[in-house]
Each structure stands twice: as C-alpha cells, then as structure tokens.
Amino acid sequence: MKIRTRAFLLGLLPTLFLALVLSAYHVYSRLGELDATVRQQGMALARHLATAAEYGVLSGNRRALGSLLDEALREPGAKSAVVILPDRTRIARGDPHIELPAPHKLGQWQAGKRLWFMHPVVLGKGGERDLFFDDTISTSETLAWVAVGIDADQTRVLARRLLLTSLVITLLGLALAILLINRLALTGLQPLMEIIDTVRNVSAGDFGRRLRVSAHSPELRQLQAMVNRMSESLRSYQQDMEERVRSMTAELEFKKREAEQANLAKSKFLAAASHDLRQPMHAIGLYVESLKPQMQGRAAEETLNKIERSIASMVELFNAILDVTKLDAGVVQPNVAPLRIRRFLLDLADEFAAETDHKGLSLRVRAADVWANTDEILLERILRNLLSNAVRHTAKGGILLAARRCRGRLRLQVWDTGSGISPEHQPRIFEEFYQADTDKADARQGLGLGLAIVSRLARLLAYPLQLHSQPGRGTVISLDLPLVENPAASLDPADAGDRAPLSGRALVIDDDPLVRDALGELLRQWGMEVELAANLRQARESLGNVPDVVLADYQLPNGETGLMAAQDIRSGFGRVIPVALITGDTRTETIRALRLAGFPVLHKPVRVPQLRSLLATMLRDGKSSRSAP
Amino acid sequence: VLLLSRVALAAPAVTLLLSQPSGIYQEAADSLARELDARPGDWKIGFATPDKPLPLDVDLTVAIGTRALEAALDASGGKPVLSLLVPKLTFDRLASGKHHVSALYLDQPLTRQLKLLKLALPGLRQAGVPLGPTSRELQFSLQQAAEESGVPTRTTMVSKGLELLSTLTGLAEDSQAFLLLPDPVVAQRGTLQSLFLHTYRLRKPVMAYSAPLVESGALLAIYTLPEQAGREAARWIAESWTRGGFLLGMSRYPNLFSISVNRSVARSLDLRLPSEDVLSRQLEAMP
C-alpha cells in the first residue's frame, strides 16, 4: 500500500471509527431517552389532564372538559384525549375511535400506532387542616378516568430525524477530517513523496538529480539534504567511472591495434618468407626431377632420391602451413561427390605400406564396400594427416583403417597402438603448433599442424570428429561421413597413366630464370614443346603458334600479374586457352582474387605429380573444347 | 304605605329603559311587554336606552338593569319608576328615600334560599356563608332569615379574594354546605373554578344564586329568570293600574323563581336530590 494511502487511512480510520461509534451510541442512548421521555410525557400529560379535569368532572362542566381536552391535544404527539365519566359516557377529542380497556387501572399500553396512558381523576385533599382532622374524605376515590393517546410514530419520526441529523453531522465531520488530513497530514508527506520520487529517478540512473530542501520537520530536511549529497556523490562517482572506462577503452583499443599490427606483421612475414623460400625450393624440386633420368643406374641415384624425399618433406611442411592459412581464410570450398570408400582406403594404405613396413608395423584396412558423399581431396588430406600421425607415434603393433556403418552414417576410424595421449593434452591437440609429447626426441615429429588441419577440414566438411586415447594403449580418431546408398553411376575416374607422355605446346611465363628453366626442362622431358617468357612482352613476342596450355607465375615484374598475362593471351588469340597460375604468395587476399578469376592455381613449391595431373587435365579439356563445334 | 296615583286612566304610557338593548335586559323587556299587552288596557309601551333622551310624557318608567335605574333616577323628575334586574343592596344604595321608585329585586329572599337548602340537604345542620365587603350588609338579614328558616348559619368575613379558600376551609369545619351570596370578592368570575374545586375537596356543596353558577359547579341555585322578572313586573304594573295607580315606594322580592341542580356535582358528592320541580313545589308549599 502506498504511504500516502496509509497516511490517509491512518488519519481517517480512527475518525471514522470514532464518528460511527459516537453516533451509534448517541442515537442509541437518545432513542432510549426519547422512548422514556415520550412515556413520561404521556403519563405526565394524562396525570395533568386528570388533575385539571377534576373540576370539570365534578361540576359536570362538559364545555370546560372539552376545552381542557382540546388544550391537551395541543401537546406534541398527543393525538387523542378522552374523559370517561362514571356513567361510562365519554367526552373525547382527537381520534378516540378505539377500544379502550376497562378504565379501572392506572397504566399505559400500546394499541397499533398509539400509546395510551390512563389516569384516574380523583378528588384531591381539601386543605392543610386535613392533616389533623380525619374527615370522611377518601382521597383515592376515582371520579372519572382520562386517557391520552400519544402517537407512537413520533418516536420513530424523531428517531429518523435523529439518525439523519447524526448522519449529517458524521458526514460533515468526516468531510472536515478528510480536508484536514489532506491539508495537514498529506501536505506533511509531500517532502517524503518528493524524496521517493528523487530516489526513484536516481536509481533509474539520473544521478545528480537534486531536491529542494523544503520540509518543515528537521528529520525530513536532513533526509532531503542526505539524498542530495548521495545523488551528488553518485554523479561524481559515475563521472569518475566513465573517465576511467574511457581511458581503459582507449588503452585497450591501442593494445588491440598493436596486436592486430603484430598479427599482420606475422602474416606478412610468413607470407613473404614462404614466398621467398618457395621460389628456390620450387626450382630445386624441378631440377631434381629433371636430373633423375640422367642419374638412373648411377651411384648418385640414391643420393638424388634422398634429396627428393627431403624436398618432398619440405614441400609437405610448406603445404601444411599454406593449408592452415587457406583454411583460416575460408577460401577452400568442398567439392562433394560420391566416393567408393573401400578402394579409396586401400589406395591410401598402399601409399603408407612402405613406411609401416620399414617401422615393422602392421597396416590393415577393414572397410565395407560402400559409397560416401565427400570431397575426395579434402578427405584424403584428413586421412593422410591422421595416418602420418599414427605411424609417427606408433613404435610397435599396428594401424587399422576402418570404415563401417553407424547410425545411418559412415564412421571412418584410424586406430593405432601408439603411445596415446594423456587426458590433459587431449583437449588441445587440435590446436596449431601444439605437440603433446615434446619430450620425445623424434626428428620426424613435424610442426604440429597435422591435427590442426584435420580439425579445420572436418569442421569445413561438417564431419563430427572424435578422439579416444589411452596413454600407452593407443589412440582412435573417428569421423562420421554421410552415406550414399545407390550412386547413380560409377564415377571412378580412369586412372590415367602417370607415365604416359604429354603432347602439346606449353607457354611458361616466370620472371625467375631458375624456375623458368627448370619448369621448361621438366615439361620437355614429359614430351611437350615449351616456349619460355620472363614477362608479358616476351610472352607476346615469343608466340609463333597458339599454345595448348599456359603456365604463368602470378607475380611478374613491373606490376604485371599472371592474370593479366592470361587475359592478354586469350584476347590475343581470340580463343579460350587453358591457363594455370602458379604462385608463392600465400596472402589470403591474393588467394581469394585468384579463386575469383576462375583459373586453376598451383602453390609453390609445386608437387610434381600434381603439376603433371593438372597439365594432363588441361590438355584433355583444351582438346575437347577445340574439337567442339 | 301604599301610594296609588292615577295619572292617566285611558292609555298609560310605559317606557322600558334598558341598560343594553340586548341579552337579559331585552329578554326581560320583551317578556314584560308581551305580558302587558296581554292585559286589558291600551298600553303605550316605549323602549329606551340610557344614552338617549328619555320621553317625558310617560306614566311609568321601567328601568331594567342598574345602569338604566341610574339613568331613570336622573331623568324621572318624580314620576314613578320601577326597577327590574337590580339586586336589593344596589337598589337600596341608589334609591333609598326616593318614594317614587320601587323595585322588583333581582335576588331571592334569604329565607327562601335557606329553606331550599334545607329541602335539598335534609341533614343540614348549619350553613356556612362567606361574606365579602358588599354582602356583609346582609349579615343582619341573614340572622333573621336563619331564624325564620330554622337553618343556622355561620358567617365569616372575607376582605380579599386570597382569603376565600382558607375561609371556606374554616367554615367547613361545622357547616355541611355553603351559601354563596353575590359579592365581587366572594364570587368573581376568575376565582369561581378554584372556589368550587376547593369545596369539592372539602366535600361541601354550594348553593348559589344563578344558573351559570350551577353550571360552573354549584350544587344548586335558586333565581328568577329575566323572563320571569318581566312577567311578574307586568302583572304587578297591571294590577296596580287596575287598582288606580302605579305603585310607588314599595319594593319586594320576586315571587316567581327557578331552581337548578347540578347532577354531576350531586353525584360526585354522593348526594341524592329531588328534581327541580319537586323542590320548587316543596318550597312553594312551605309556610
């Protein structure tokens, strides 16, 4: 209940209670008195009339009696007056048509709406001498009777008037009380209401709101002053806090910018470093490949093979970094198609067979012959990383590659009997550069990017990834793939012979002479005619015949790009010539731009089989498009 | 001494001088004129009031009422005047020594009153009579009447109205009834009620001298009505005229009278009275 209402009721209720109780008591007691008064009055009137009628009765003076009765009727409430003479005759005035009881007793009674009072007319005493002389006078002798009828309604009328008056007085009193409560009590509350209002505003955030110190009561004045002080304190506190928040925000902003700049610098450094390292790596790879035929059968062949393997590892490493960068940039889009899983897994196991044999591990595939909807390349990357990890961390026992139906999906699992991962490491092994067993001196431990790439790819393909591992017992990692029950047709691509010679004319554009020459040499070994150009101008000049395929470095001197070269050549010959771009630039904006241009892209250092496969595809597509009408 | 004067034999002229031309005076005058007309003789009857000059050539002036008597005395010039409806005491005071003036008194002879009282109240041993300043002159007459009637009386003087009730209380000790005589102190209109009420309380009946007094509460009264007075006066005049002249210098009480009894009072006082007629006959039959 509101305090104002409370104060109002506090003022009003006692007044109301008092007014009602007093009124009721007053009315009740007055009614009692009134009744007694009416009865006394009636009896008194009868007595008086009896006394006054004495002479008239004695003298038989009817006129005198009549006027006496008339006189009696003038009394308030008197409605009937009767004299009953000894001979039973009556002298009556008013409304006496009523059965009167035998008039032989003094008394009162009620008949209908009339109160009757009867009194005998007796002969009074003669005089003072009667006190001394016992004469024959009988003072109680009844000469006649008088009866007086009083209107009983008058009590009710008076009671009603009394009630009405009491009610009016009570209401007036209440009205006065309400007026006074409003004027005095509630006006006194006004400062309190203002205080409440102000505190409400302050609590709603309106700090610094002030209140007029206007109360008469010292306590309320103090309260008002204190509310003002509190409001002021809150305001200054708020200002202080805002100032601090502003400075903290500015500081944070500064640090954030710093961090961003550091990150940017790191990205730039990584990109630049990988680009600058890629170029020579790319060239070395191409030279080694071109040396292989020359070293065949010689003693140095084995050394060359080792060089090739080392280069392959380094390429892996670069690719891993590149993968993470690409995946983080969100430029990789899965290309989903049905895949025959069993064969896919067997091929993959073949690739790792040599390595496991070398370590004395068993590698088995247990897979149902089913189809799954997936991106073959991305899935291969996942499984390759998982298998590499398994081989790397397993010293004895074996590795199992399994595929089975599970709740409507296909569950792929890589089991190993390796060292396992302790529970405290499990949540973090999918982070980049995280290595669980750093204490183990394993030269082939890797960068710690494998599982990071796996986790990013699984997220991209929306495959749930699960890890179960017990230290010393082994590890199993599971992936759930969508199943395909009835693939429309076998999409198993024909395995084009790797070693089949390529035929066609290739234009190679690269500003790095080493890379340009190495690539040219390799393409010639694969059976192609090759034109070399260092830049756009040379490319235009060198073009005698239409090339079947163009391999262009993305970054060319003088602000030129491989894209510009591709468009220039296409427009120059007026036809669509297959173009592949090779780049060492790992910046995400570059990758995104190349992807948008719609050309196939190879990243330095280029894996040779990948290059050969791409060339074969481009040449086949080029021929089919040319042979088309 | 009877003085007869025959002024006019043929047509006697009578003037009726009324105190007021209304009420009891007119009643008495009408009765007188009616009775006189019925008598042999050519009566010339004229009416007059004191505020007009009286005709001079009259044989007889009948003055009805005190005021008329005073006027007639002033203007009669020695011619015969008969006074009607004037109490004996008043008449004596106004006309004593005037021989041409005679009266038929308004009041009843005291003896008659006492006799009637005895008739009405056979057990009466003594009557109490309060006398005022006026009626005290009747004290001697009252003693005579008491002796004549055989009803002893006891009188007490009342000088002021306030003394009346205590006087009555005193008289009541040895009187069985009160006799009320005309007196402004004893029987004044304003005190009648308390007077009667007091006598009731004393349980003593009152005998009064007029019908209104009986109505007011007296047990009984004997009186002459104006009509009776007029009638009796007419007879008296006619007889005198027949005998040769108008009566002069002789006054008397009326012979005709009426009696009234208040039955309520009688009942209240537990008295049993004969009827008025019986009382009248008994009274007339008494010696």
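In this predicted model, the contact between the two chains draws 17 residues from chain B and 16 residues from chain A. The area buried between chain B and chain A is about 1600 Å², and carbon and sulfur atoms give 55% of that area. The size of an interface is often expressed in this way, as the accessible area lost when the parts come together.

Between chain B and chain A the count is 1 salt bridge, and B:Arg201 forms a salt bridge with A:Glu54, with the closest N and O atoms lying 2.6 Å apart. Polar contacts across the interface of chain B and chain A amount to 4 residue pairs, where both residues have a pLDDT of 80 or more. On the side of chain B that touches chain A, the elements giving two or more residues are helix 7 (192-201), helix 8 (211-216) and helix 10 (263-268) of chain B. Helix 7 of chain B supplies the largest share of that side, with 6 residues. The makeup of the side of chain B that touches chain A, by residue class, is set out in the table.

| Class of residue, side of chain B that touches chain A | Count |
|---|---|
| Nonpolar | 5 residues |
| Polar | 8 residues |

Among the contacts in chain B between residues at least 6 apart in sequence, 69% join residues that are at least 24 apart.

One residue of chain B can be followed in more detail. B:Gln108 is placed in the loop between strand 5 (101-105) and helix 4 (110-120) of chain B. Is B:Gln108 buried or exposed? B:Gln108 counts as buried because its relative accessibility is 4%, whereas the cut-off for a buried residue is under 20%. The side chain of B:Gln108 makes a polar contact, at 2.5 Å, with the side chain of B:Thr224. When its neighbours within four places in sequence are left aside, B:Gln108 is in contact with B:Gln113, B:Ile222, B:Tyr223, B:Thr224, B:Tyr253, B:Pro254, B:Leu256 and B:Phe257.

As for confidence, chain B averages a pLDDT of 88, and 95% of the residues score at least 70. Over residues 1-8 of chain B, however, the pLDDT is below 50, although this stretch has 19 contacts in the model beyond near neighbours in sequence. The model as a whole scores ipTM 0.71 and pTM 0.47.

Notes: Residues numbered from 1 in each chain as written. Chains lettered and ligands numbered in written order. Heavy atoms only, no water. Helix = DSSP H or I, 4+ residues; strand = E, 2+ residues; numbered from the N terminus. Buried < 20%, exposed > 50% of the residue type's maximum accessible area, 1.4 Å probe, protein only. Polar contact = N/O pair within 3.5 Å; in protein donor to acceptor, adjacent residues only side chain to side chain. Contact = heavy atoms within 4.5 Å. Buried area = accessible area lost by both parts, 1.4 Å probe. Salt bridge = Lys/Arg side-chain N within 4 Å of Asp/Glu carboxyl O. Nonpolar A, V, L, I, M, F, W, Y, C, P; charged D, E, K, R; others polar. pLDDT = per-residue confidence, 0-100.
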